[in-house]
Amino acid sequence: MEKIPYKIYLTEDEMPKAWYNIRSAMKNKPAPLLNPGTHEPMKAEELAPVFCEELIKQELDNDTEYFPIPQEVYDFYKMYRPSPLVRAYCLEKALGTPAKIYYKFEGNNTSGSHKLNSAIAQAYYAKMQGLKGVTTETGAGQWGTALSMACSYLGLDCKVFMVKVSYEQKPFRREVMRTYGADVTPSPSMTTEIGKKILAEHPGTTGSLGCAISEAVEVAVSTPGYRYVLGSVLNQVLLHQSIIGLETQAALNKYGIKPDMVIGCAGGGSNLGGLIAPFMRDKINGDLDCRIIAVEPASCPSFTRGKYAYDFCDTGMVCPLAKMYTLGSGFIPAPNHAGGLRYHGMSSILSQLYDDGLMEAVAVPQTEVFKAAEQFARVEGILPAPESSHAIKVAIDEAMKCKETGEEKTIVFGLTGTGYFDLVAYQKFHDGEMDDYIPTDEDLAKSISALPPVD
Ligand SMILES: *Cc1c(COP(=O)(O)O)cnc(C)c1O
């Protein structure tokens, strides 16, 4: 058999020319966004004050299979794509496993993660609409960085609300965003009504994505020429991220490889939704027998301990309601949670696929994640982002099961980014100061009991 190279690259010409919409293959479509007042499905015109027009069309379209990638976005992609699919020969050897491990590496761009794939698309549609700028939230900072890069490339203003704990822990992220011309505000802030309200109710709070979203939406709807953009969770974001899965499948196809398992970390679900899109289609159509595994932090366990219900997407309850696996919009992960993936909810698409039994989910404690990160870094060279390391952890666990059984399974996982801005977390891990706080059933019952009553 032909030897598989360490890296399977696609040529520029082999890069997919359209995004794939996984909803078109789903028998049970994801539940629609609801108007928080009337509980009726949101119409395009109701979303228009918040989101860009073209993105609303993508958001609401459950049927179109492929959306052509606009030329300007495609040209931008070419600066850092196609991304490599790496055969983890060194990791396989270190583990002594007969499993064949591949990872799709999305960290080879300055923003350091897959988020640039959707940032440039969203900024492009905002520009096409003639807008002046966009607002957004950022948690760990990767999305804000990606959006800043995309906006500066296209000449748009970019206002970022950054979760306060990250703003303080990651000052250099902020400087990268400012280098690309973004305006960065720690959230909650006194610059918005909702920020003032949250600070009055929870003085000293370190913030959450839910708070930051509320602030960014408030500024978008109250500033002429602005719209709000979101880096995860939404259907449109999973659509743009399908470039990850399409490239992965095209690279595997070059060598006739079919995965037995596809593994990805899940925060809001965008990288995972993108990575699995073509594999899930094949699975739904009966063309591929493959396990699909979402990995989430035990400290923010939306899939494994959340409830499948309509919930608010933000703390301020200004956004539409989405049906998803959720811990409740009032859930704020413990401040010692360092490993990213802090969002209380999950993509509606992935939630439906999980509910339909087409996908599995595993929750892992954070010290285990950092152990896996270090193990990986030492043999494969790449310093992984803590988020990505959730997937590494489960890929290693599955490879070790293969070692016991002697099965030569093919494992593909998403390595979503690099960890250069997460060195405070690595430091805590190395100094033995990281703990594994896992919310109690009472903690979760409290935030889940506050779900909005929707039948
Ligand atoms: C944002 C981020 C994630 C999680 O977001 P998803 O929308 O679940 O993909 C994972 N890894 C990295 C490196 C990120 O920046």
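Reply: An N or O atom in the side chain of N271 sits 2.7 Å from an oxygen atom of the ligand. This is a predicted model, where local features need pLDDT of at least 70, side-chain atom pairs count only at pLDDT 80 or more, and totals for chains, interfaces and linings use all residues. Residues are numbered from 1 along each chain as its sequence is written, and side-chain values use heavy atoms, with hydrogens and water left out.

Me: How far is the side chain of S270 from an oxygen atom of the ligand?

Reply: An N or O atom of the S270 side chain is 2.7 Å from a ligand oxygen.

Me: And K115?

Reply: One of its polar side-chain atoms lies 2.5 Å from an oxygen atom of the ligand.

Me: Which residues around the ligand come nearest?

Reply: K115, S232, S270, N271 and T416, out of 17 around it. Near means a heavy atom within 4 Å of the molecule.

Me: Switching to D282. Where is it?

Reply: D282 is in helix α12, residues 270-284. Helices here are DSSP runs (H or I, at least four residues), strands are E runs of at least two, and both are numbered from the N terminus.

Me: Is D282 buried or exposed?

Reply: D282 counts as buried because its relative accessibility is 15%. The cut-offs are under 20% relative accessible area for buried, over 50% for exposed, and partly exposed in between (1.4 Å probe, protein chains only).

Me: What does the D282 side chain pair with?

Reply: The side chain of Q249, through a polar contact of 2.8 Å. A polar contact is a pair of N or O atoms within 3.5 Å; within protein, one must be able to donate a hydrogen and the other to accept it, and residues adjacent in sequence count only if both atoms are side-chain atoms.

Me: New topic: α18. Which of its residues are buried?

Reply: L444, S447 and I448, in a helix spanning 441-448. They are on the same side of α18 because they cover an arc of only 100° around the axis. That arc is taken from the directions from the helix axis to the C-beta atoms.

Me: What's on the other side of α18?

Reply: E442 and K446, both exposed.

Me: What covers the buried residues of α18?

Reply: The cover includes α13 (302-305), β12 (307-312) and β13 (321-326). Contact means heavy atoms within 4.5 Å.
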